[in-house]
Amino acid sequence: MTVDKKKIRQQQKSTSSNIFYSKILFVFSLIVLILAIFTSRIISSFFPRTIVSATSRLTITTMASSSQYAKELEVAQLAVQRAARLTKRVFHEKAKGTVSKDDKSPVTIGDFGAQALIISALKANFPSDEIVAEEEAAQLREDTPLRDQIWELVKSTKLDDEAAEQLLGGAIKDADAMLEIIDQGNSKGGAKGRIWTIDPIDGTKGFLRGGQYAVCLGLMVDGDVKVGVLGCPNLPVDDAAPLTADIGTNATDEGRGVIFSAVQGQGATSRPLGTAGLAEGKPIAMKPITEMSNASFCESVEAGHSDQGVAGQIAKKLGITRPSVRMDSQAKYGSIARGAGDIYLRLPTSKSYQEKIWDHAAGDLIVREAGGQVTDVNGNRLDFSVGRTLAENKGVIAAPAAVHDQVIKVVQEVLGQQ
């Protein structure tokens, strides 16, 4: 019994001691907290702007650097912006230095110059990456006046921002280096590794007639598109501007010029196309279709690119009453991605034709990241892993995800009757 009382007294003494020290620790912590708050207020009263500014810069830098493919996106956007500046210079010239390729399709000095500038930027930043590009320099090696004309354009085109130019690797050394750079777009593509795909001027015929065209750049990793950028110099900057029947003709500079971009899993954005650093971007999304009769659909200007007669039958069966908007290039992808249009139909005109990956990679990603779906006429995702063409796909159907199955069903019904 005596032992038990002794233990109880020891426990009480220990408990009292713990309570005493706890109170001291609490008071000490409170004093430290008060001093910290007081000191912080004194410092911020002397240096408020400096601290806030530094903190903001740190936060922004951290967010940007932590985003996957952040550098690839920035380089791609600036490269497209610089190349678009070159193409716009050519666009305003009456003589655009047009020549014909082996497949009889036109190519301009703008195509060659834009490709040289984009590849130069990519190789400066990602030297090990492969590149699939549309043009090659063989013709320029045999035509010195044409080569020199393109070189004058290339060496005199730059962004009005020194930091942006430095990020892109600066100027190309000379005309011979330019030819070598153009030919570095000769990758065969495939399902392995990092591969960029470039269409320096998508919609060359639209470019020549004064209509819509696009500078297109996409990054594929193991056959999957991860980054997509479209520069559309003749589309309205205003995302809310509706598609009109004359949007593909007589384009002017006023209020026009937009960059669409996307990174897989991070959404899609648009921003004004500038001449220096990148303007501020804003998110874009496809417009929900509540009434199919009010929907609009885009198709190619050239009848050889898409079966316009069948497209008309599909629109009628869907209940679409508005006439189609015909425009060149991947500007169609950008237009529906921001809700200016709703559906893009590109229907096969022959069994043997294979779409080129550079005509669809960037636009495919941008539409999907804006809430749409892109497939071929059989409902299969576009397969960019089989080479330089979409050999496994026929046609292209792009629409808001909520109605895509409905559109595909009608497409297949109409095609089945042909």
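I began with helix α13 and looked up what its buried residues pack against, and I noted α10, β12, β13 and β14 as their partners. The model I am reading is a predicted one.

**Entry on helix α13**

I then asked which residues of α13 are buried, and I wrote down Val403, His404, Val407, Ile408, Val410, Val411 and Val414. I also checked the length of this helix, which covers residues 401–416: at 1.5 Å a residue its 16 residues should span 22 Å, and because the end C-alpha atoms are 23 Å apart, I recorded that the two values agree.

**Entry on the sheet**

I found an open sheet of five strands in the order β11-β10-β12-β14-β13, and its pairing is mixed. The edge strands are β11, at 325–326, and β13, at 372–375, and each of them pairs on one side only. I reminded myself that strands of a sheet pair through backbone hydrogen bonds, and that they do this either parallel or antiparallel. For one pair I looked up the details: β10 (residues 297–299) and β12 (residues 343–346) run parallel and are joined by two bridges. Within this pair I noted that Cys298 stands opposite Tyr344 in β12.

**Entry on the helices against the sheet**

Next I asked which strands helix α10, residues 308–318, touches as it packs on the sheet. I found that α10 touches β10, β11 and β12, and that its direction makes about 170° with that of β10. Helix α12, residues 361–369, lies across β13 and β14 (396–400), and I noted that it runs at about 145° to β13.

**Entry on helices α3 and α4**

I turned to another pair, keeping in mind that two packed helices are described by the angle between their axes and the distance between the axes. For α3 (residues 70–91) and α4 (residues 109–125), I noted that the axes come within 9 Å and cross at roughly 160°. Angles over 145 degrees count as roughly antiparallel, and α3 and α4 are therefore roughly antiparallel to each other. I recorded the crossing of α3 and α4 as right-handed. The residues that make the contact include Val75, Ala79, Ala83 and Leu86 of α3, and Gly110, Gly113, Ala114 and Leu117 of α4.

**Entry on the whole protein**

Last, I looked up the totals, and I counted 13 helices and 14 strands in the protein. Of its 418 residues, 48% count as buried. Among contacts with a separation of 6 or more, 73% are between residues 24 or more positions apart.

Conventions: Residues are numbered from 1 along each chain as its sequence is written. This is a predicted model: local features need pLDDT of at least 70, side-chain atom pairs count only at pLDDT 80 or more; totals for chains, interfaces and linings use all residues. Side-chain values use heavy atoms; hydrogens and water are left out. Two strands pair if DSSP finds at least two bridges between them. Helices (H or I, at least four residues) and strands (E, at least two) are DSSP runs, numbered from the N terminus. Contact means heavy atoms within 4.5 Å. Axes are lines fitted to C-alpha atoms, for helices over the stretch in contact, and angles run from 0 to 180 degrees between N-to-C directions. The expected span of a helix is 1.5 Å times one less than its number of residues. Buried means under 20% relative accessible area, exposed over 50%, partly exposed in between (1.4 Å probe, protein chains only). Angles under 35 degrees count as roughly parallel, over 145 as roughly antiparallel, 65 to 115 as roughly perpendicular and the rest as oblique. A crossing is left-handed if the near helix is turned anticlockwise from the far one by less than a right angle, and right-handed if clockwise.
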